[in-house]
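Please keep the sequence and the model in view while reading.

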Amino acid sequence: MRVPAAVATALGGAALAVGLVAMPAAATPTHSPAGFDPQHATSAHHPQVGGNFNQDGGNWSGYVATGSGFSSVSANWTIPNVTCNSSNDLFAPWVGLDGYGSQSVEQTGVAVDCSSGSPVDQAWYEMYPDNPVYYNDPVSAGDAFSGSVTTDGGGNYTLTITDSTKGWTETKSASYNGANASAEAILESPSAAYPNFGSLSFSSFEINGQSADSAAPVALDASNSNGYEDHTGALSGGSFSVSYEQE
């Protein structure tokens, strides 16, 4: 899932490069280097009642830490029940290294896709520019997940995702030329159209083996041409929530 250049400009010149293009479970995943173009630069942002929005993340919300030498990221989350507003809605909670200010991507998470008219949940990983790989393990709303991405700094990566509710784990180990320039726990919508997910909470969010708070990550809120789609709450002790804002 790439973010348009207009979003990078709005984010102060940072070039986001994200890999996931979520597809229905029965479809063959595809990847579009050009990505979707929801014209974020002309968004008419509406105020949040009771506070201010965070930095506009385009189709990203959550937290991203930038710098160099990131070696691991991990977090827990639970897949919420969602209400599809349209068949264009999709979103994916994930953890990963890179994809923000770099052309490399090492991410794993769960896609919730409304293209069939009802939410379809499927776990995946991606190491851009290869297409995302979708797992066939069962996933349902209410499932508790943990995800992690680690590297030894020598080009060897391990991406692990576990559904503790269903009792399965998938691990991908591969050699890859990653920049290790960012670490994230993110909600993302490649179509810039989120279903109504209510609220999703990340916990035990760690970067380089320590609570993510110590890395001083930046909070992002997702937006589209109608305004902000969600709002990321404060990070405390490696926990934060993202709340849906827009019908």
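Strands are DSSP runs of at least two residues in state E, numbered from the N terminus, and two of them pair if DSSP finds at least two bridges between them. The model discussed here is predicted.

Q: Which residue in the turn of the hairpin formed by β8 and β9 has a positive phi?
A: Strand β8 and strand β9, the latter covering residues 156-163, pair in the antiparallel sense over seven bridges. Within this pairing, V149 stands opposite L159 in β9. The two strands form a hairpin with four residues between them, and the turn residue with a positive phi, of about 85°, is G153.

Q: What is the bridge partner of W77 in β8?
A: Strand β3 spans residues 72-78 and strand β8 spans residues 144-151. These strands pair in the antiparallel sense over seven bridges. In β8, the residue that partners W77 is F145.

Q: Which residues do ring pairs link into a cluster with W77 and F145?
A: Rings of Phe, Tyr and Trp pair if their centres lie within 6.5 Å, and by this rule the count comes to 15 aromatic pairs. One of them is the pair of Y194 and F197, which is tilted, with 6.0 Å centre to centre and 50° between the planes; both Y194 and F197 are buried. The residues that ring pairs link with W77 and F145 are Y63, W168, F202, F205 and F240.

Q: Which strands are the edge strands of the open sheet of eight strands?
A: The chain has one helix and 18 strands. Eight strands form an open sheet of mixed pairing, in the order β1-β14-β2-β11-β4-β5-β6-β7. The strands that pair on one side only are β1 (55-56) and β7 (133-134).

Q: Which residue in β11 stands opposite W94?
A: Strand β4 covers residues 90-98, and strand β11 covers residues 182-188. They pair in the antiparallel sense over six bridges. The residue in β11 opposite W94 is I186.

Q: How many residues apart in sequence are the parts that the disulfide of C84 and C114 ties together?
A: The sulfur atoms of C84 and C114 are 2.1 Å apart, and the link is left-handed, with -80° about the S-S bond. C84 lies in the loop between β3 and β4, whereas C114 lies in the loop between β5 (105-113) and β6 (120-126), so the parts tied together are apart in sequence by 30 residues.

Q: Is C114 buried or exposed?
A: Buried means under 20% relative accessible area. C84, at 21% relative accessibility, counts as partly exposed. C114 has 0% relative accessibility and therefore counts as buried.

Q: Which residue forms a salt bridge with D143?
A: A search of the whole structure finds one salt bridge, and its closest N and O atoms are 2.9 Å apart. The pair links distant parts of the chain, 23 residues apart: the loop between β7 and β8, and the loop between β9 and β10 (168-175).

Q: What percentage of the residues of the chain count as buried?
A: The chain exposes about 9,300 Å², of which carbon and sulfur atoms supply 47%. Among contacts between residues at least 6 apart in sequence, 69% join residues at least 24 apart. Of the 247 residues of the chain, the share that counts as buried is 54%.

How values were computed: Residues are numbered from 1 along each chain as its sequence is written. This is a predicted model: local features need pLDDT of at least 70, side-chain atom pairs count only at pLDDT 80 or more; totals for chains, interfaces and linings use all residues. Side-chain values use heavy atoms; hydrogens and water are left out. Rings of Phe, Tyr and Trp (its six-membered ring) pair if their centres lie within 6.5 Å; planes under 30 degrees apart count as stacked, over 60 as edge-to-face and the rest as tilted. Buried means under 20% relative accessible area, exposed over 50%, partly exposed in between (1.4 Å probe, protein chains only). Contact means heavy atoms within 4.5 Å. Accessible areas come from the Shrake-Rupley method with a 1.4 Å probe; for residues, only the protein chains shown count as cover. A disulfide is a pair of cysteine sulfur atoms within 2.5 Å. A salt bridge is a side-chain nitrogen of Lys or Arg within 4 Å of a carboxyl oxygen of Asp or Glu.
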